[in-house]
Structures are given as C-alpha cells and as structure tokens.
2 protein chains.
Amino acid sequence: MKEALVSPPEIIAAARGAAPTLASLSTAVKNSLLAALADAIRAGRPSLLRANDQDVAAAEARGTRRALLDRLLLTPARIEAMAEGVRRVADLPDPVGAIMGTTRRPNGMQVGRMRVPLGVILVIYEARPTVTMDAAALCLKAGNAVILRGGSEARRTLGALGDIVTAVSGLPPGAVQILNPEGHAGVLELLRAEGIDLVIPRGGEELIRTVVEAARAPVLKHARGVCHMFVDRFADLEMAQRLVVNAKTQRPSVCNALETLLVDAPIAGLLLPGLIDALRERGVEVRGDARAQAAAPGVVPAAEDEWGREYLDLILAVRVVDSQEEAQAHIRRHGTGLAEAIVTERLESARRFLEAVDSAAVLVNASTRLVDGAEFGLGAEIGISTDRIGPRGPMGLEELTTTKWIVLGSGQIRE
Amino acid sequence: MKEALVSPPEIIAAARGAAPTLASLSTAVKNSLLAALADAIRAGRPSLLRANDQDVAAAEARGTRRALLDRLLLTPARIEAMAEGVRRVADLPDPVGAIMGTTRRPNGMQVGRMRVPLGVILVIYEARPTVTMDAAALCLKAGNAVILRGGSEARRTLGALGDIVTAVSGLPPGAVQILNPEGHAGVLELLRAEGIDLVIPRGGEELIRTVVEAARAPVLKHARGVCHMFVDRFADLEMAQRLVVNAKTQRPSVCNALETLLVDAPIAGLLLPGLIDALRERGVEVRGDARAQAAAPGVVPAAEDEWGREYLDLILAVRVVDSQEEAQAHIRRHGTGLAEAIVTERLESARRFLEAVDSAAVLVNASTRLVDGAEFGLGAEIGISTDRIGPRGPMGLEELTTTKWIVLGSGQIRE
C-alpha cells in the first residue's frame, strides 16, 4: 500500500537510489536474493490466498467477466508456480558485466562493449497478479530497479505481494516497489516523471495506447499481433495443415496466434478442403475471399475489411494469392510486424520471404506460436516488442540491459 | 525546393515507398549509387559554390556570427572532402543481411537474427551543409530512406544539393529527400507525422529539445557532453598531463572535449602546478575549488554552480576529491553520461571505475576526444547517443539498422 504514502517523485527517487547498488551486485548475491524471494512467496501463501479471495469476491460482486476473474485468481498451484518461476530465474545466466567485441585499434587502445543494467524499469500491467513476481525476478536478475503498477482489481493481492517483497532481507530498499494501484492520476504522473529508463506495458490495446501517449521514457511494446502464414505452391501440404492448425488453435487468445492464412493459388484446391475440415472440427470459423470459398465448402464470405483483424479467437481469415509478391504486399499492408511464416520446400521461396518480410520474427516451416522467449532460448520472456529501436521480438534478460563502450588505453590521445 | 510543393505526409509516403526497394538493394548496387553520388557532387561544384555564395552573403548581411558563417561556407576543398566522404562510405562493410547468433533449439529449429535496415530516418540539423551528404551516404549504405531537413540559412545550398541527388540515376525516388528548410511549421508537422522510424537531431541544445518534445518516433540524441577525467593517486602523472591537455585543448568546441577534471587528493600537489602551467600556456582558464587553488597558482575560484557546466571553450573546472568514490559520486551528480575517463596505473582502480561509471563510453588511460566512430573502428559516425535504449555511444552504419529474428524449421509446432 505504498502509493498512498509516497508520491511518484519519491517512488522514482527510491528506485534511482537502488539502481547503482543493484548494478554492482554479484551474480551470487542476486541469485540468493531470488531464492529468498521464492521462499518468501511460499511462506506468504496463506496471506496471499486470503487477500486474493477478497479481490476475487469483490470482482465477482462487481459482475466481472469469467475470463478476467480467472486471470485474477491465485490458487496454491499458481502460487507454487510463481515461486518456482522466481527460483528458475536464478538458474539463468547473468547478462551483466559481459564484455563483447573487443578490438585493438591501430593506436593500440582496446575498444569493446560491456553489458550493464538499464537502470529503472516501470512495468504497468492489468489483472494477472502473477506478472508481478515474474517481472520483478527478471528485472532484479538483470540488475535493474523495478516499479510495478498492477490493476486496481488486484489491489489486496498486490498489497500482500508487497509485504512478501518487504520480508526479503538484503534486498536494497527501492529495488522492487509494488505500488498500490488505487487512482489513475498516479500512473500518469509516474509516466510523465523523469528518471525512468524504460516502460513496459503488459495488457490490452487501450492500456498500451494510454502508456505510449503519456510516457516520457521509451516504451517497449507490441500493439497488436496480426500474424500471417503464407503457404507457397512448393509446400509440403501435410506440414502446412499441421502448422496452420497449431498456429490457429493451440492458444488462440495470444498475440502470436495465426489470424490470416494466405494460400498460393496453384495449391488452393489441394490444400484448402482438408485443412478447412480440420479447422472446423476444432471449432474454427473460416472466413475467405471468393477463391477460398470456391476451393472448399464451409468457408464463410470474408467482409470487405476482413484483412488485418486481430481475432484472438477461433476465427481464421483465408485469402488466395497469385504469387509470393502478392502475399508480401498483403503482409506489408495488413501485418502488425509481429510474426509471419512461410511454408515451402523450395529454398528460393524461403530465401525471398526471409529477406523481404520485415517482422520481429520471420519463420520458415514453423508455427507462429513458437515466437516466444523460452522457445527461442532466452530462458524467460518479459514481453515481445515490435518496435524497431531497442530490442525487437521476444525480450529476455539480455533485453533488459544496455551496453556501454569501454576503452583500455596506455596514454592514447587524439592527434 | 521540395517542401513548397509537397506536404509532410507526401514526403513520408515517398520515403516509405522507397524503403522496401532500398532494403533489397545489393551491396554492389548501393556502392555504385554512392560512387555516382560522389561524381555528381564533383560535377555540381560550380552551382554548389554559386548557391553557397548567395547563402553566405545573405547571412553576412544579416550580421551572422563568424563561427556560424564558417560552418555554412563551402569551399572547393570542402566540396571535394564531401565527395570523398561519400565515396569512402562505399568502402565500408555493408551491415545489412548479416545473420548472427544462430542456435539450434531442442526441437530442431534454428533461431538467429538478421540485420535489416531501420526504414525511414529523419535527420534534422543546423547550418553545416556538409552534414547533408554525410548522413545521406550512411543512411543509403545501411539501406534506409532518409529525409534531410537542414537550417534555413543554407536553403540555396541545400537546393543545389537536392539537384545533385536528383541527378543520380538509379536512386529510387524518395530514397534521399533534401527538404527546403523554409518555415518552421513543416518541421513540427514532420515530427508529429506517423511513418518515421528514427529521428536524429544534429545541433545545439535547443534544436534537440524541440525535436525530443515534438517527435512521435524515437529520437537518438545526446543532450550535452560534460566529460570528466579522474586522475587517481596511482596515475602516471606525465601521462595524466598529456591526456588532460589533449582532452581539453585538441578541439574544445565538441561534445567529447573535457570539461571537469577530478584529482585524487594525495597527488594534487604533484600534478596540478605543472598541469595548470601547461593548460594556461595553451590559453585555458582553470577554475578550481579551494584545494585546487591551494595546490597551484593561477587557478580562478570556481563558482558554487561551476560543476556540470558544458563550456565548449578553453575553460576547465578542477576539483580535488578524497577518493574514487567521491569522484564517482560527482560524476553521477554532474555528468551527462557521454564519456568519462580515469588515469591510473593500478588495475583495481581501473576495474572499479569501469564497472561503476555508467556513461556511453568509459575510458582508462585515454583521451575523451577518442570517443568517436572512426576512432572506435565504426568507419564513420552519424552522431553519438547517450540514450539507454537503442544504440548507445558513437553511431556508425550498424547503428542505423535493426534486427529481426529468423526461424528455420522443418514443421515444428508448439506443444
């Protein structure tokens, strides 16, 4: 319940004060703090469940939607997963202090880059209280101070999580601040204040837009995820069906789920009948252009403005195109730059797609659902960025750092 | 004279239209375009000198300061240097298309990152017309479309440069747009428009502030360069004198020149008398705290608010500190995060300084004047960034690109 007591400038000053200490902590110390935090979460389970019960009851009383209630809910299993997630961050390699690309210049000085923490990170998120410890652990491991501002529907749960953090001895004051999410003015004031190095919004389109408009510091975000898959005339059609079904149905509510399928005209009649049967068996509504409708039964006519919609649901738009160039043009016009895939057995088709399509992730013969920090080997993920400056794509520990140039000389001057 | 004819949205649409073509150009084609641009600059010398004469005469008539007149002035030698600079960019390695850090994941898919152009870059600068071709060549080599908006005092020169660009056959329309700098509203409208990926302001503090406040796209900038050098008690005093004199006097008007010297108390009496003589011989005014004044004659008393000033002139502030920690605290409080150096022969002193001081460049036993793209081996430099997100420090060709993740699979799905 911190925000009631301290103002945004005080919150930021506390974080800034902690930042140099956090930056200088050894990996061993950070790992033992993470272990202590995991233990504190397990020890705090009863009070956490009590606080969460009250939040859930209050949300129910307000008539909150079922899906939102589920996001808000903590169970003993979810609390254990939260603790285990924090502990696992201790196992990840520490990105801080690595020195890269050192070269010796003609004048004899050595020039390289050292990886260092970003400084102070503000995370703004919605209902899901598990984001709190997830983000706290990643920021701490990367040597950053973090300010966490969750949704007001979770305020009692967040209060209990704040008490858990306070119970971790050895954590520098200001290193992890879990704010009381009462009142909207506080967020805007925080976003407009100086002294924050990065803002990460995690939530829906509206939250992200509000943050982008108000923030003074850089914001790492992805706006919407309208992912495309292009099935080339040289595709393995069985593989294509497997990839489309997985990308659309494995978890349709997330940003890397497939929204639009583009099919190369010569194989539309071969691919679509079986594929659309398989999709409809899994409850997917398929909306297609005239050629997709002609190729297979059960295709609902696509609206004029069908393309570029983010369904986040069991709906797929299908369009038949005459060439890869037409598919690329469609993606340039309707894509959101998150992830696009091609299915093909022909090297030249893959090469052209990889070079020409400019999304945060471009895949050949793989499901868009694989665009994810853990799947890419980053160990964990704090979000996916579709921005072009700063980290692009899944953001892990390394993406929560920056670099500084270091120069080792022996008296070199500029001539 | 483009801006009179086309609006900011049209300018941006032209650049966006050129971007995919530029991104797909081979290195050989880009290099031949750069060679053609260099030739066109040489061929355009007479009209360039004529236009520049008129700009300089008009500026003189308005009573413009001598230093500004010199920045505006083109001579045959400067035009030759401009052409040669463009030609040399052709010799630099092409950063686009490189694939880095590819790993094979447990499911067999290969994941890596490919370097790709940023897209559309807007460069806003003041009097110096040579920035135009410099920036155009670097953006072109990195595969970006560039919009160049110079100062109004150079408008005839910029018009002649625009004619030169138009004369280069094979350059995609919209790839390099040199705007007519008449009217301030145009800049703000450009900065607020959508479709620009990066803004680079090159000029004084006021220009940078205006750009940061108005821009919708990310801005890469450094605000002020207040560089510090700390001479440790274990320094080679002869080296320290050489480094301080070079960093302060080799070119005092630029951002990586030394502004504040911090001297470890035990060696103040040994270092300062000779050093201050050497500085004063070169016309430097030395302003010091009480202990610096006591250590050597000829030190002017520092004002209470002396620290953190960016002189850009033959003035140096000197403070005696009791420890490296005190020097670090001074730098944290008064530094601008551009470049700080330590002079020491002791490894442990160097190690602590390198780890704790968080500037874009941290140097051991080298002049701050060496913080420069060419000196660091980047080949060329479009600016120095002190931002923490995106490239930090000197920005060369690679810093004008971004990366995208690429995935090569064989039918992998998310389980």
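Biologist: Why does Phe353(B) count as buried?

Modeller: Its relative accessibility is 0%, and since buried means under 20% relative accessible area (exposed is over 50%, partly exposed in between, with a 1.4 Å probe and protein chains only), Phe353(B) falls in the buried class. The model is predicted, and local features need pLDDT of at least 70, side-chain atom pairs count only at pLDDT 80 or more, whereas totals for chains, interfaces and linings use all residues. Residues are numbered from 1 along each chain as its sequence is written, chains are lettered from A and ligands numbered from 1 in the order in which they are written, and side-chain values use heavy atoms, with hydrogens and water left out.

Biologist: How do you know that Ser349(B) is buried, and what is it in contact with?

Modeller: Ser349(B) has a relative accessible area of 1%, and is therefore buried. It lies in helix H14 of chain B, where helices (H or I, at least four residues) and strands (E, at least two) are DSSP runs numbered from the N terminus.

Biologist: Why is the pair of Phe230(B) and Phe353(B) called stacked?

Modeller: The ring centres are 6.5 Å apart and the planes lie at 15°, so the pair is stacked. Phe230(B) belongs to strand E7 (residues 227–231) and Phe353(B) to helix H14 (residues 347–356), both of chain B, so the pair ties together parts that are 123 residues apart in sequence. Phe230(B) is likewise buried, with a relative accessible area of 0%.

Biologist: What relation superposes chain A on chain B?

Modeller: A rotation of 180° with 0.0 Å of shift along its axis does so, with an RMSD of 0.1 Å, the superposition being by least squares on the C-alpha atoms of residues with pLDDT of at least 70 in both. That is the relation of a two-fold axis. In chain A, Gly390(A) has the C-alpha nearest the axis, 2.1 Å from it.

Biologist: How do you know that the copies meet through the same surface?

Modeller: Of the interface residues of chain A, 100% are also interface residues in chain B, so the surface is the same. Each side is counted in the contact, with 64 residues from chain A and 64 residues from chain B.

Biologist: What joins E13(A) to E16(B)?

Modeller: Five bridges join them, and the two run parallel; strands pair if DSSP finds at least two bridges between them, so these two are paired. One bridge partner of Ala366(A) in E16(B) is Gln412(B).

Key. Contact means heavy atoms within 4.5 Å. Rings of Phe, Tyr and Trp (its six-membered ring) pair if their centres lie within 6.5 Å; planes under 30 degrees apart count as stacked, over 60 as edge-to-face and the rest as tilted.
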